[in-house]
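Hello,

Here is the structure I promised to pass on. Please open it first, then read my notes below.

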Amino acid sequence: MKAIVLREHGDNDRLRLENDFPDPQPGKDDVIIAVKASSLNYHDIFTRRGMPGINLPFPVIIGLDVAGEIIATGEAVTEWKAGDRVLADPVNRIDGGLIGETTHGGLAERCLVPAHQLIALPETVSYAAAAALPVAYGTAYRMMQRIGQIQPGEKVLILGASGGVGVCSVQLAKLAGAYVIACAGSEEKASRLRELGADEVILYRDEDFMKTIFARHGKPARRRGAAQPGGVDVVVNFTGGDSWVKSLRVLRVGGRLLTCGATAGFAPQEDLRYIWTYELQIRGSNGWEREDLHRLLQLVADKQLEVVIDRQWPLEQGAEALAALEQRQVFGKVVVV
C-alpha cells in the first residue's frame, strides 16, 4: 500500500512516500480500515522530531486521527462488518498505546485498529470532518467543558485561536455563553475568528495581548470583591513559552488558566507571585474521553459545531501538509484524504 513512512527522527524530509509498504493483517480482535481521511496535529510534529522518553517502533506511519470504511475484520469481531463507516479513537484504552505513534497511523491507504477503538460514524458527518475531531476537538472539549467549566458571561481569552484546538475552543466558549477574546496572527485569521463567534480579536504580532487586555478591560484588582475587578475570567493557553506569565497577569482574582499543551515551549518562565496574590487556578487538561467524541459527533451532526478545515491534501502530499501545520500557515485543521 501507499504510506507516508517515518524511519528516523528529524526534519520534515524524514517523511517519505513509500508505494509498497506492507499491508496490515488483522488479528482476531482487529479491523482493517480503508482510510478516507486523517487529520494532522502538532503531536505528529513532535513524533517526527522525537520526544524525550518516548521510543518509537520504527518504521512508523504517523497520523493519529483516522476515519474510513471497514474492509476486513478479525475472526472474533462480531459488532462490526465490512462497509461500516467508522472513526477511530486514537487512544487504546485497554492495552495502552496511541495510533500514529506506537502503532501505524492514518497517513496510509489502510490502517489496522483494534475493534474496541471504533466509533460508528453518522451518515451526516463526512470522513474529513470526523477525522478532524479526536485530538484537536476532543482535547478542546474536555478542556473547555469538563475541566474549564466555562460559564455564561465570563470573559475568555484564547491564545493560538486559529489552530485546530483554538477554533473549537472559540466555538465551545460561545456555546457556553461566554464573551470570547481571540488572539490571531493576521487580519485574515481575525476575520474568520469573528465569523466563528469571537467578540474581540487581538493581533498578537502587532500588539502585546497583555497591554491590550489592560487597555480594553482594565488591570486586575488585587483584592477580592473589588467593584471593578478588571482582567478576564479565563485564559486558554496551550502555547506556553513567553506568553505564560502574561497569561497569569491578565487574570482577575480567582481566574482560571487552562492548558492542554505547550507548542511554543514547555519550560516557560514562571512568576508565583501572581498565582498566590490573585488566587489563580491553573487547570491542566490531558486528551479526551470516549464520551467526548460521541458528544462532538452529535454537535457536528446537529450543526451546533463547525469543523473548520483549512485544506484537504492528497496522501502523496502528506509531508507537505505537516510542513504547512508546522509553519503555522493554516486556519483550523489540516486533513489528508
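Six strands make an open sheet, in the order β11-β10-β9-β12-β13-β14, and their pairing is parallel. Strands here are DSSP runs of E with at least two residues, helices are runs of H or I with at least four, and both are numbered from the N terminus. Two strands pair if DSSP finds at least two bridges between them. β11 (200-203) and β14 (281-284) are the edge strands; each has a single partner strand, so one side of each has no neighbour in the sheet. From one strand to the next, the twist averages 20°.

The model is predicted: local features need pLDDT of at least 70, side-chain atom pairs count only at pLDDT 80 or more, and totals for chains, interfaces and linings use all residues. Residues are numbered from 1 along each chain as its sequence is written, and side-chain values use heavy atoms, with hydrogens and water left out.

Now β13 (residues 251-259). It pairs with β14 in the parallel sense, over four bridges. T259 stands opposite G284 in β14.

Next, the core. The largest nonpolar core has 58 residues. Such a core joins buried Ala, Val, Leu, Ile, Met, Phe, Trp, Tyr and Cys residues through side-chain atoms within 4.5 Å. Buried means under 20% relative accessible area (1.4 Å probe, protein chains only). Y137 and V170 are among the residues with the most contacts inside this core. Helix α3 (residues 133-147) gives the most to it, eight residues. Another core, of 26 residues, lies apart and includes W313.

Best wishes

Definitions and conventions. Buried < 20%, exposed > 50% of the residue type's maximum accessible area, 1.4 Å probe, protein only. Axes fitted to C-alpha atoms, helices over the stretch in contact; angles between N-to-C directions.
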